[in-house]
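These are my notebook entries on one protein chain. I set down each point in the order in which I looked it up.

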Amino acid sequence: MQLHRVHHQILRSHHLFEPLSEAQLDTLLETARLLNVDKGEKLFHQGEPAHAFYFVIAGTVKIYRLTPDGQEKVFDVIGARQTFAEAMMLMDTPDYVASAQAIAPSQLYRFSNNTYMELLQNNSKLTFALLGKLCIRLHQRINEIETLSLKNATHRVVRYLLTQLARRPDSNSFELPMAKRLVAGHLSIQPETFSRIIRRLIDEGIITQQGHHICVLNSQRLELFE
């Protein structure tokens with residue numbers, strides 16, 4: 001019961017669930033599954049029927065596709081208190097357009113698309129909340145496309161580091177959420193290029209690195225670094 005209340009509070013922090021009444025949230029949870037997955041475990045594959053979306057309680061999940069030549073392209077990395085695959089509910093295709101895999105031990109809810117859609121049809125506030133979520137993600141993707149298309153590799157790495165730093169407003173350090181080769185893939189650069197840029201930042205005294213731990217010594221210099 002205590003765990004149930006804690007999860008209710010965590011779900012309430014996300015605007016896809018905040019508009020739901022207690023009864024509606026209970027209805028959604030009745031058809032949901034709480035999953036505990038190991039690092040490397042697949043949640044769904046590209047092309048599988050999209051019957052559910054997910055909410056991460058703890059851990060990290062990558063969203064990716066395989067190119068025709070077998071290379072992996074990471075589209076997004078999902079952390080705690082974030083959802084993924086919810087857009088599939090409103091898309092014409094009945095199948096997942098990408099794959100999802102835990103890159104750390106993770107706990108997450110698997111929610112039924114059918115149950116959520118039934119609630120959505122009877123709650124206009126929830127409808128607008130969902131539209132707001134999708135609009136935010138659309139703008140994020142557009143900004144990423146612009147960065148990947150128009151900016152050089154150094155700018156991409158700098159922007160990525162600043163974004164990670166912004167998620168820790170009370171700290172000048174953070175942990176890379178995934179392996180460096182996955183970060184490089186997410187930024188559409190080679191792992192060697194990513195490592196070379198990080199080394200330049202270290203040599204310039206702008207950051208320090210110990211494993212996955214990055215400490216930003218001078219955020220202003222980082223912003224101006226090219």
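Entry 1. Between which two helices does the loop that holds Ser188 lie? I worked from a predicted model throughout. I found Ser188 in the loop that joins helix H6 (180-186) to helix H7 (191-203). I then looked up its backbone angle: Ser188 has a positive phi of about 60°, although it is not a glycine.

Entry 2. I looked up Arg81 next. Arg81 is not a glycine, yet it has a positive phi of about 65°. I placed Arg81 in the loop between E5 and E6. Its relative accessible area is 44%, and Arg81 is therefore recorded as partly exposed.

Entry 3. Is Tyr96 buried or exposed? Its relative accessibility is 5%, and buried means under 20%, so I recorded Tyr96 as buried. Tyr96 sits in the loop between strand E6 (83-84) and strand E7 (99-102). I set aside residues up to four places away in sequence and looked up what Tyr96 touches; among the residues listed are Phe44, His45, Gln46, Tyr54, Ala85 and Met88. I also compared the position of Tyr96 with that of Ser188: they are 92 residues apart in sequence, and their C-alpha atoms are 22 Å apart in space.

Entry 4. I turned to Asn113, which is found in helix H3 (residues 113-121). With 5% relative accessibility, Asn113 counts as buried. Leaving aside neighbours within four places in sequence, I found Asn113 in contact with Ala50, His51, Ala52, Phe53 and Met89. I noted that Ala50, His51 and Ala52 are also in the list of residues that Tyr96 touches.

Entry 5. How is the chain divided into domains? I recorded domain 1 as 1-122 and domain 2 as 149-224. The contact between them takes 9 residues from domain 1 and 6 residues from domain 2. Taken over C-alpha atoms, the centres of domain 1 and domain 2 are 28 Å apart.

Entry 6. I then looked up the area between the domains. The size of an interface is often given as the accessible area lost when the parts come together. For domain 1 and domain 2 the buried area is about 560 Å², and carbon and sulfur atoms give 59% of that area. On the side of domain 1, Lys73, Val74 and Val77 supply 59% of the area buried against domain 2, more than any other three residues.

Entry 7. How many residue pairs are in polar contact between domain 1 and domain 2? I recorded 4 residue pairs, with both residues at pLDDT 80 or more. Strand E5 (residues 72-78) gives 6 residues to the side of domain 1 that touches domain 2, and this is the largest share. For salt bridges across this interface, the count is 0.

Entry 8. Last, I looked up the cysteines. A disulfide is a covalent bond between the sulfur atoms of two cysteines. The structure holds 0 disulfides. Cys135 has 43% relative accessibility and is therefore partly exposed.

Definitions and conventions: Residues numbered from 1 in each chain as written. Predicted model: local features only at pLDDT ≥ 70, side-chain atom pairs only at ≥ 80, totals over all residues. Heavy atoms only, no water. Disulfide = S-S within 2.5 Å. Buried < 20%, exposed > 50% of the residue type's maximum accessible area, 1.4 Å probe, protein only. Domains from an automatic or database assignment. Contact = heavy atoms within 4.5 Å. Buried area = accessible area lost by both parts, 1.4 Å probe. Salt bridge = Lys/Arg side-chain N within 4 Å of Asp/Glu carboxyl O. Polar contact = N/O pair within 3.5 Å; in protein donor to acceptor, adjacent residues only side chain to side chain. Helix = DSSP H or I, 4+ residues; strand = E, 2+ residues; numbered from the N terminus.
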